[in-house]
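Here is a brief report on one structure. Look at the sequence and the 3D view, then read on.

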Amino acid sequence: MTSELQSHKDTDAVSESRSGGQGQGLFPTASVCVVGLGYIGLPTASILASKGYQVAGVDVREEVVETINRGEIHIEEPDLDVLVKAVVANNRLKAIREPQPADVFIICVPTPFTGDHKPDLSYVEKASKAIRPHVRPGNLIILESTSPPRTTEDVVAKHAVPDGMVVGKDVFVAHCPERVLPGRILIEAVENDRVIGGMTPACTQKTKSFYQSFVTGEVMATTAVSAELTKLVENSFRDVNIAFANELSILCDHFDVDTWEIIEMANRHPRVNILSPGPGVGGHCISVDPWFLVDAAPELTNLIRTAREVNESKPQHVINKVLELSARFTNPVIGCLGLTYKSDVDDLRESPSLDITRALMNSDAGEVLACDPLITEDQFSEFPLHSLDEVLKRSTLIVLLTDHQQFREISPAVLHEKVVVDTRGIWR
Ligand code: SAJ
């Protein structure tokens with residue numbers, strides 16, 4: 001693989017265009033192969049199929065492929081079931097196990113980290129190698145997975161571009177990081193502004209045309225490395241700001257004052273906007289991505305690393321608080337409400353709520369009853385889950401960990417009789 005032009009800072013300074021969803025050239029008649037049918041890949045594949053593309057979605061998990069081809073879904077996301085059913089029924093979306101030739105390849109696979117906070121790019125590498133035999137001249141290869149700086153070039157282009165083909169001339173490679181919020185994916189995948197970073201200006205231009213065919217937000221053009229960094233910076237910004245809120249909540253506990261009252265009052269200052277404290281920061285994005293920056297430049301990322309450490313220490317603070325309170329009772333029953341990483345999603349990845357519940361179960365604090373109406377028994381078997389009614393009836397101490405809508409609706413009269421640890425401040 002060779003690249004026609006490695007840096008195009010001067011020739012293609014950040015440019016913007018409001019597309020209104022108007023495509024150019026071969027789009028949207030092209031075929032697309034989306035590799036990875038998870039929280040990003042499946043919504044992306046379905047949206048493209050609904051816009052008229054012929055889409056093949058690839059997943060290595062046989063059960064996922066079968067589920068989608070039945071017109072059903074394996075993840076929880078508002079309105080995704082209806083969309084997938086429609087695009088599978090009209091033959092615009094088909095799920096398969098191995099990549100196949102297409103005009104556009106989009107890689108949407110996980111980029112987790114290893115135990116020592118180093119990025120694990122093995123899924124990106126495998127996906128790139130898997131598409132390589134199917135890449136033809138004129139193809140566009142896009143990495144959407146959140147990735148450390150230089151991944152587009154060093155991993156995707158290196159492994160996906162066949163020998164003898166020139167990037168920017170024969171094939172086009174770019175990074176377009178996903179920016180959607182779980183729970184609002186179908187809206188944000190279309191309406192959010194997008195950052196496009198090609199390996200060359202031609203790569204950027206072609207990728208931009210593609211996104212303009214289905215995105216109504218602005219499409220901003222830059223280089224691959226800048227796009228990679230932009231995405232990591234976005235999630236690090238949020239992590240640092242949540243860390244501030246979490247540190248504040250620990251400080252307020254120390255002074256025995258109401259954190260949320262203080263935040264509410266401070267936020268009435270016109271230039272203050274503090275985020276919400278919680279049991280910690282979870283999910284596959286914000287709790288992972290800042291480590292990619294720390295790993296890329298350890299000497300230059302003190303604040304980002306410290307923020308991660310503050311957020312990672314928050315679950316232990318909650319555990320200590322519960323242990324202290326439960327020690328005041330004989331045979332206490334502790335009801336843990338919510339296991340997922342945030343409200344109204346069914347995602348357990350990196351969830352501090354799950355970690356706290358697990359730690360309490362493994363402690364001698366008392367009997368622990370866990371409840372999460374968004375988690376089914378098929379999805380989770382580590383310990384039994386109880387109904388909200390049962391937990392409310394039997395618990396001495398209620399620990400609110402994830403602010404699902406069902407929990408917001410609990411009557412204050414029921415809670416009045418309990419000792420409550422509300423990590424999200426929903427029952428004030
Ligand atoms: N959280 C707080 N306090 C807050 C906000 C969030 O404790 O004030 C916690 C949540 O409970 C959760 C975690 O932070 O445990 C992350 O939740 P989130 O809603 O902030 O973000 P994610 O991880 O669901 O999605 C983020 C989004 N990034 C930004 O908002 C900058 C999304 O747009 C990205 O596409 C996504 O990461 C991703 O895939 O990278």
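Helix 1 passes helix 3 in a left-handed crossing; left-handed means that the near helix is turned anticlockwise from the far one by less than a right angle. Helices are DSSP runs of H or I, at least four residues, and strands are runs of E, at least two, numbered from the N terminus.

This is a predicted model, where local features need pLDDT of at least 70, side-chain atom pairs count only at pLDDT 80 or more, and totals for chains, interfaces and linings use all residues. Residues are numbered from 1 along each chain as its sequence is written, and side-chain values use heavy atoms, with hydrogens and water left out.

## Who touches whom

Helix 1 contributes Leu42, Pro43, Ser46, Ile47, Ala49 and Ser50 to the contact, and helix 3 contributes Leu80, Leu83, Val84 and Val87. Contact means heavy atoms within 4.5 Å. By class, this contact has 8 nonpolar, 2 polar and no charged residues. Ala, Val, Leu, Ile, Met, Phe, Trp, Tyr, Cys and Pro count as nonpolar; Asp, Glu, Lys and Arg as charged; the others, Gly among them, as polar.

## Lining of a pocket

Helix 11 gives the largest share of the lining of the second largest pocket, 7 residues. Helix 8 (224–254), helix 9 (259–266), helix 11 (302–326) and strand 15 (419–422) are the elements that give two or more residues to this lining. The lining residues of the second largest pocket divide into 9 nonpolar, 7 polar and 9 charged.
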